[in-house]
Amino acid sequence: MGEAVSVYLDAKADMLSVKRARVAWKAAAPFWDRLPIGRVDIQTARDYGKRRSHCTAFTVRNELAVIRAALNHAQKHKLIAKAPFIEMPKLPSKPVRYLTKDQFRALIAAAIGDLGLFLELEDAIHLAQRLAQGGDRHF
């Protein structure tokens with residue numbers, strides 16, 4: 001696996017996210033580096049997820065995405081016959097919370113208060129600029 005990932009990362013050196021991919025591979029390498037591609041399967045990805053259980057599902061998915069991309073790259077360039085399927089861990093669902101009317105009113109009141117402060121600061125900045133240019137105090 002390590003050679004396939006190295007080939008992939010070298011081929012994608014100009015990719016904007018290659019630095020992130022290299023960081024993900026650094027974390028994944030101890031598990032995957034010496035693993036023969038022929039031994040990669042759904043259970044292998046699950047075992048990896050268990051090994052990285054101290055990480056979030058997002059982190060494990062990012063690391064597995066590099067493995068999957070490297071395998072797909074190897075298949076595309078005929079380095080392997082078929083890329084094995086990599087099962088990604090499920091992402092936790094986060095319920096959508098809605099503001100109550102009171103919470104919404106408090107949010108709007110805070111925003112309006114900040115807007116008023118912003119406008120006062122903006123006026124003060126304009127006044128300072130005018131005075132610095134020798135202008136008068138009136139707008």
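Figure 1. Helix H2 covers residues 18–32 and spans only 18 Å between its end C-alpha atoms, whereas a straight helix of 15 residues would span 21 Å at 1.5 Å a residue. The expected span is 1.5 Å times one less than the number of residues. Helices here are DSSP runs (H or I, at least four residues), numbered from the N terminus. A kink of about 35° lies at Lys26, shortly before the proline Pro30; the bend at a residue is the angle between axes fitted to the seven residues ending there and the seven starting there. The model is predicted, so local features need pLDDT of at least 70 and side-chain atom pairs count only at pLDDT 80 or more, while totals for chains, interfaces and linings use all residues. Residues are numbered from 1 along each chain as its sequence is written, and side-chain values use heavy atoms, with hydrogens and water left out.

**Figure 2. Buried face of H2 and its cover.** The buried residues of H2 are Val18, Ala21, Ala24, Trp25, Ala28, Ala29, Phe31 and Trp32. Buried denotes under 20% relative accessible area, exposed over 50%, and partly exposed the range in between (1.4 Å probe, protein chains only). The cover over these residues includes helix H1 (2–11), helix H3 (42–51) and helix H4 (57–76).

**Figure 3. Packing of H2 against H3.** The two helices, H2 and H3, pack at an angle of about 115°, their axes being 11 Å apart. Axes are lines fitted to C-alpha atoms, for helices over the stretch in contact, and angles run from 0 to 180 degrees between N-to-C directions. On the H2 side the contact is made by Ala27, Ala28, Pro30, Phe31 and Trp32, and on the H3 side by Thr44, Ala45, Asp47, Tyr48 and Arg51; contact requires heavy atoms within 4.5 Å.

**Figure 4. Surroundings of Thr44.** Thr44 lies in helix H3 and is buried, with a relative accessible area of 8%. Apart from neighbours within four places in sequence, Thr44 is in contact with Phe31, Trp32, Leu35 and Arg39. Of these, Phe31 and Trp32 are listed among the buried residues of H2.

**Figure 5. Salt bridges between separate parts of the chain.** A salt bridge is a side-chain nitrogen of Lys or Arg within 4 Å of a carboxyl oxygen of Asp or Glu, and by this rule the count comes to 4. One of them joins the side chains of Glu87 and Arg46 (2.7 Å, N to O). This pair links distant parts of the chain, with Glu87 in the loop between H4 and helix H5 (101–132) and Arg46 in helix H3, 41 residues apart. Glu87 is partly exposed at 27% relative accessibility, as is Arg46 at 40%. In another salt bridge, the closest N and O atoms of Arg52 and Glu63 are 2.7 Å apart. Arg52 lies in the loop between H3 and H4 and Glu63 in helix H4, so this pair ties together parts that are 11 residues apart in sequence. Both Arg52 and Glu63 are buried.

Figure 6. The side chains of Arg105 and Asp102 meet in a salt bridge (3.6 Å, N to O). Both residues lie in helix H5, 3 residues apart, about one turn of the helix. Arg105 is exposed at 54% relative accessibility, and Asp102 is exposed at 57%. Gly116 also lies in helix H5 and is partly exposed, with a relative accessible area of 27%. Gly116 and His73 are 43 residues apart in sequence and 55 Å apart in space, C-alpha to C-alpha.
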